[in-house]
Each structure stands twice: as C-alpha cells, then as structure tokens.
Amino acid sequence: MTQIVPSSMRPRRAGPISWRVRIALVAMLLLAAVTVWFTNRLLTDRFTETTRNRAELRLALYSGNLLSELRRNAIVPQLLARDPALIGALNSSDYSQSTQRLISFVEEIGAASLMLLDSDGRTVAATDRARLGAAHQSQPYFVDAIRASSTVFTAFHAESGGYRFMYSRRVDGQSGILGVIVVEVDLQKFERAWAGISDAVLVTDSEGVIVLATEPRWRGLTEGEALERQPPQGAIARALQATSDWAALPADAYLRGEAVMRMETRIPFRGWRMASFTTYDSVRERVNGVLALEIMGFAILLALAFYFLSRKTAVRMALFQRESAELRQLNARLQREIAERERVQETLAVAEQTLAQSSKLAALGEMSAAVSHELNQPLAAMKTYLAGARLLLRRNRPEEALAAFHRIDDLIERMGAITRQLKSYARKGAATLGPVDLAEALASALSMMEPQLRLGRVRINRILPDAPVMVMGDRLRIEQVMVNLIRNALDATKTVDDPEIDILLASGDTAVLTVRDNGQGIEDLDALFEPFYTTKQPGDGVGLGLAISSGIVNDLGGRLTARNAEGGGAVFEVQLPILPGETQAAE
C-alpha cells in the first residue's frame, strides 16, 4: 500500500540549497572586491614607480644629449682660432676664401652657424652670407671674447623669442688680437625632438630662467611664472594632440584636473637644470587593463557557477565556448608578440656586439699609428748596427761584429715586445706592472740610442744616484719614454756646434728623470704634447712621440713636463711615484 506523505511532513531541500548558493555568491563577490582593491593598490604603486623610473631615464638621456652637444661645440672655437688660413686672412684682410672655408667646417661640426669677426667686430666671413658686414662690437659674445683668453659661452634672448647660444674665442696673432671666431650651437633641435613626446620639458640656467622648453611661451620666464601662464597639462596636451589620432577631442578638457609627475636633474654645465612633467594617464590605463582582466575572470567564474547551477539552455554554453575561443586567440596573439619581442632582442644583441667590435677596431687603428712610430727607433738602430757589423767583418773582426749582432737581437726582441702590446690590447689584456730600476732602464735606452749618439757626436753627461731608483711600472714602456726624450734632445742639437745632453736621475719623495739639451728650445709649449704636432721636416717624424710618452707616464701615476732652460735649450722632466722600501723587499 502506498503511503501518501503530507506536504507539511516532506523534507524541504530547496531552502538549504538556496542559502548555500547565496552564501557562495556573496563570498565570491567579496573575494572579487578584495582582489580588485588589493590589485589596484599594488599595481598603481608599481606602475607609478615604473613610470617615474622611465621619466628619470628619459630625463637623464635628454640631459646627456644636451651636455654632449655643448661640449662637442666647446672645442670648435679653440681649433678654429689656430687655423692658419683664418689667421692669414685676418692678417692680410683678404677674406675671399674665408666664408667658403667656414661653410666646409660647419658641415663636419654640425653647428648652427660660424662667423669670423675682425678686431672691430665686423663680420668678415660667415656660413650665413646674409650676416656679412654686420657689426657685433657691442654684443656680449664679442666683448667677452676680446677680454678673455679662453673660450666664452654666451646665451641671450633672440628677436624671434627664443634663445641663441654662442661659443666665441679671440684669434691672436704676432701683432696682437686679430679678431673673434663665433660658433652658434643649435640647441633648438632638442626642443623640436621633445615636442613629439607626451612630456613637457624645460631647461633653466643658473638664475632659474627657462632657456629651452617644449612650450614656446615659457622661454625667458622662471618655472613659477611659466606654470602660471601655461600649466604643464596644457603643454602635455598639445604634445599628445600633435602625435595622436584623437586630435578632434579638446586635449585640455581630456587632461583637465589630472595630476602631473615632476622630475628634475642637474646638468653639469654652468648651473643648468632640466625638469619634466609627466601625466599619470599611462599608469591609470595599465592598471585599468589589469583590473578589467581580473573582473572578466571573476565574471567568467560567476557565469560558470550560474551555468552549472541553473543548467540553462545550450545558448549560454555556446556563448561560453565563443568566449573561450576569443581567449585562446588572445593567448596565441600574445605568444606571437612575445616571440617577436625575443627576435628583436636577439637582433639588438647582435647589433651591440657589432658596434663593440667596430669601436675596438677603430681603437686598434689609432694604436697601430703609435706602434709604427715606436718601431722606427729600433729599426734605425738596427740599420746602423748592420752597417757596422758589415764593416767589422770586412776588417776580419768577427768578435766585435758578433757583439753588434747581439745588440740587433736585443732590438728585435724589443720590437716583438712592442707588437705584443698591440696583440694584448686586441685580446682585452692588461699590461703587467712590476718593480723597475730607472737606472737600468736608462742604460738600456742609451744602449739603443748609442749609434745615433755616436753619429751625431753628442756628449752625454749622466748624474745617477748610487742606490737603485725603483718604481712600479712596465719597463718596456718606461724605456720607450726615455728613448723618445733622448731622441728629441738629439734632434734638437743637430744645428749646434757642440751638442750636449745632460741626464739627471734623482730619488726623493718621487723619482725624477731630467733630460736637458743645449738646442734652440721649444717654441710652442702649449701644443707640445698634442698628437701629430711636430717641428721636424716631413719624413723625420709624425709628432706622436711626446704624446705617447705623456700618456704612458700618466698611466703610471706620474707626469711629464717641459720647459725652456735659462741658458738655452729645453728641459724635460719625468716624475713617477717611488716604490716603497717594504714593497721592494717583498718583491
């Protein structure tokens, strides 16, 4: 018999299931809210720091480029002030070729313009022919250059509203001041480059006046005055409007009320500073993108929960499948983008290796010129020893000829050591330093120079201490310095009836080697240690000896100086740190 249970006695299953579902949904919503809030806080801080770091890096790059441009143009007036053609034109007042010469220079230098002014401040040559004949005698870059003996930098307000930046230096001749060379630096190109970014950038001088800015109306004002006239949001909005496709929307309304990140850095040039203003829009967009993904994930979870609980129609299943397909397509697209980025990184690494190798080969080219100069000394000595050995063999004096061949063997070993320096540089090796007795190194250098000294009939006066004079260095390079100094002294005494060279080695707080000759002395002490500066006839030298010697002494912690002696001739002095007694004992 079937028993009918009254409805009031039946168990109620719907109620408990409904409460469990509600609790699960509320818990999921609370979890979603907490996750979104925590993610928003975490990612906002992280992306803000990333944006700040990028702004700092961008600001460092801008300041470095600006400083590089200023320093690159700072050396130009000093070089042009020594140009023989320009000095000759100022002396003869013949400027027919001067303008063309300046035009040829400006293409290599990259400056905005070049001008040559005479002693009255009149433009006698210029890359801009419209400026020929203009008077500049009251301009600060002319007045300051006439008064100063070095290069003068001037920044002044131009009639167009911007700033002009000038390097000027006076041109001296035997009769006095001949004129002034003026180099205009093109810094406006940086403003044009900055205009294409989403940041507002300004540069102030030591007085806080804006000299460069992405906003033209800021120039000539302080930062406070500029922001009152035109806030940074407006300047950034115009930069965005110029580089975006949504220019139809008013940019000021788009950025109104948005906060701005201000970054500042110091430019190591005359107290200049650079500041930039960056909006937080990119931070908000990136955070919102991540939050949208999280919300979408929770939405998918809720959809799945409702699907399994309600068991609705297959339409929702199809919708879920389509959403899954879209996610798979997005994942595949992301994977393709990641693979493309990895290929770009590999290409960049190859380019960096190629650039490093090119820089290394360029440095080896410069070093080969110096090594070829240093090989001339042993080659000349070998030629003399070979001639002497040939004569000794003809006279049946083989023992003396054998001694000459031993010396030639020593010279060949020295040439091999010089070339090994070049090889070690190519392998990124470092020179091995050790204790060196300067007296022994001097004896070796004089032995190498003995044929030239005997041929020139030069009297050598040596004053050496009784105790060894020890320094820390590379003996081959120290002998190279000594040979260069003795060779220069020998060349300086070619026109003297009684050539004489004094060599003094002393030891105190430092080791001092002095080489003095009784020649004609040094005409230009300032350019003496510059590369390729020489007073010798063509074929006798390339002007690298003293430049190489100065570099070697500086690398060893010492210094090489030169002066003219009171009684005539030149004096070269090498100072090197003395090796302490404890170190000598340990060695």
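**View 1. The largest cavity of the predicted model.** The space in this cavity comes to about 90 Å³. Two cavities of 30 Å³ or more are counted in the structure. The residues lining the largest cavity are L438, I478, V481, M482, A511, L513, I552, V553, L556, V574 and L576. By class, 11 of the lining residues are nonpolar, and there are no polar and no charged residues among them.

**View 2. Elements around the largest cavity.** The most comes from α15, which gives three residues. L438, a residue of helix α13, is also part of the lining.

**View 3. Helix α13 and its buried side.** Helix α13 covers residues 438-448, and its buried residues are L438, A441, L442, A445, L446 and M448. These residues lie on the same side of α13, because the arc they cover around the axis is only 155 degrees.

**View 4. The aromatic pair of F153 and Y167.** The structure holds nine aromatic pairs. One of them, formed by F153 and Y167, is tilted, with 5.0 Å centre to centre and 55 degrees between the planes. F153 belongs to strand β3 (residues 152-157) and Y167 to strand β4 (residues 163-173), so the pair ties together parts that are 14 residues apart in sequence. F153 is buried, with a relative accessible area of 9%. Y167 is buried too, with a relative accessible area of 4%.

**View 5. The aromatic pair of F153 and F269.** The ring planes of F153 and F269 stand at 85 degrees, so this pair is edge-to-face; the ring centres are 5.0 Å apart. The pair links distant parts of the chain, 116 residues apart. F153 is in strand β3, whereas F269 is in the loop between β8 (260-267) and β9 (272-279). Both F153 and F269 are buried.

**View 6. The aromatic cluster that includes F153.** F153, Y163, F165, Y167, F269 and W272 make up one aromatic cluster. Within this view, F153 takes part in the tilted pair with Y167 and in the edge-to-face pair with F269.

Conventions
Residues numbered from 1 in each chain as written. Predicted model: local features only at pLDDT ≥ 70, side-chain atom pairs only at ≥ 80, totals over all residues. Heavy atoms only, no water. Buried < 20%, exposed > 50% of the residue type's maximum accessible area, 1.4 Å probe, protein only. Helix = DSSP H or I, 4+ residues; strand = E, 2+ residues; numbered from the N terminus. Arc of directions from axis to C-beta. 1 Å grid on protein atoms, 1.4 Å probe; cavity = no way out; pocket = protein on both sides within 12 Å on 5 of 7 lines; lining within 4 Å. Points joined across faces, edges and corners; volume = space filled by probe spheres on them. Nonpolar A, V, L, I, M, F, W, Y, C, P; charged D, E, K, R; others polar. Phe/Tyr/Trp six-rings, centres within 6.5 Å; stacked < 30°, edge-to-face > 60°.
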